[in-house]
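Reader: Could you take me through the aromatic pairs in this one? I'd like a close look at which rings pair up and what surrounds them.

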Amino acid sequence: GALRIVGATIAHAHEAERRYIEPGEALEVSVMYESDIDVDSPTLEIVVHSADGQSVFAVDLDLAAHGLPPLGRSGCITVPFTSVPLLDGTFTVDFGLTDRRDPQHTAQRQGRDEFDVLNPTDGRGVAAVTVGTLQHRAG
């Protein structure tokens with residue numbers, strides 16, 4: 001096709017010490033693309049799936065609304081997630097890149113990129129929810 005996703009990376013600040021992130025830590029995803037055309041109105045879709053295939057988060061980013069220029073013939077789009085409130089698991093990330101003005105120009109990258117979360121707390125489930133100070137009043 002005219003628009004191709006040729007690579008992706010998922011990075012975090014603690015990569016030198018550990019492969020995983022902990023709940024609430026930041027994560028940065030980058031998508032490398034090539035195109036035979038200029039993409040005037042790009043949208044980047046990011047979908048995060050749990051190990052059982054359930055979608056736990058999805059976002060469609062209108063890149064122009066985020067101040068990015070039209071896409072040229074090749075480049076890299078980087079999206080910083082300032083907090084990832086997920087608990088234990090391996091999560092797969094799918095990407096889609098589309099020209100909103102001409103949706104036939106679309107590229108997909110699915111099932112090839114993942115990240116791990118290791119939860120050091122007592123919480124269970126999928127989402128990390130912070131528990132404040134417990135209080136008790138008798139009577």
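**Aromatic pairs**

Author: Searching the whole structure turns up 2 aromatic pairs (rings of Phe, Tyr or Trp, taking its six-membered ring, with centres within 6.5 Å; planes under 30 degrees apart are stacked, over 60 edge-to-face, the rest tilted). Phe57 and Phe81 make an edge-to-face pair, because their ring planes sit at 90°, with the centres 5.9 Å apart. Phe57 belongs to strand S4 (residues 55-62) and Phe81 to strand S5 (residues 74-81), so this pair ties together parts 24 residues apart in sequence. Strands here are DSSP runs of E, at least two residues long, numbered from the N terminus. Keep in mind that this is a predicted model: local features need pLDDT of at least 70, side-chain atom pairs 80 or more, while totals for chains, interfaces and linings use all residues. Residues count from 1 along each chain as its sequence is written, and side-chain values use heavy atoms, leaving out hydrogens and water.

Now for Phe91 and Phe115: their planes are at 25° and their centres 5.6 Å apart, so they're stacked. Phe91 is in strand S6 (residues 89-99) and Phe115 in strand S7 (residues 106-117), 24 residues apart.

Buried or exposed? Phe91 is buried at 3% relative accessible area, and Phe115 is buried at 7%, whereas Phe57 is partly exposed at 38% (buried is under 20%, exposed over 50%, partly exposed in between, using a 1.4 Å probe and protein chains only). Phe115 also has contacts (heavy atoms within 4.5 Å) with Ile10, Val48 and Leu86, among others, not counting residues up to four places away in sequence.

Key. Helices (H or I, at least four residues) and strands (E, at least two) are DSSP runs, numbered from the N terminus.
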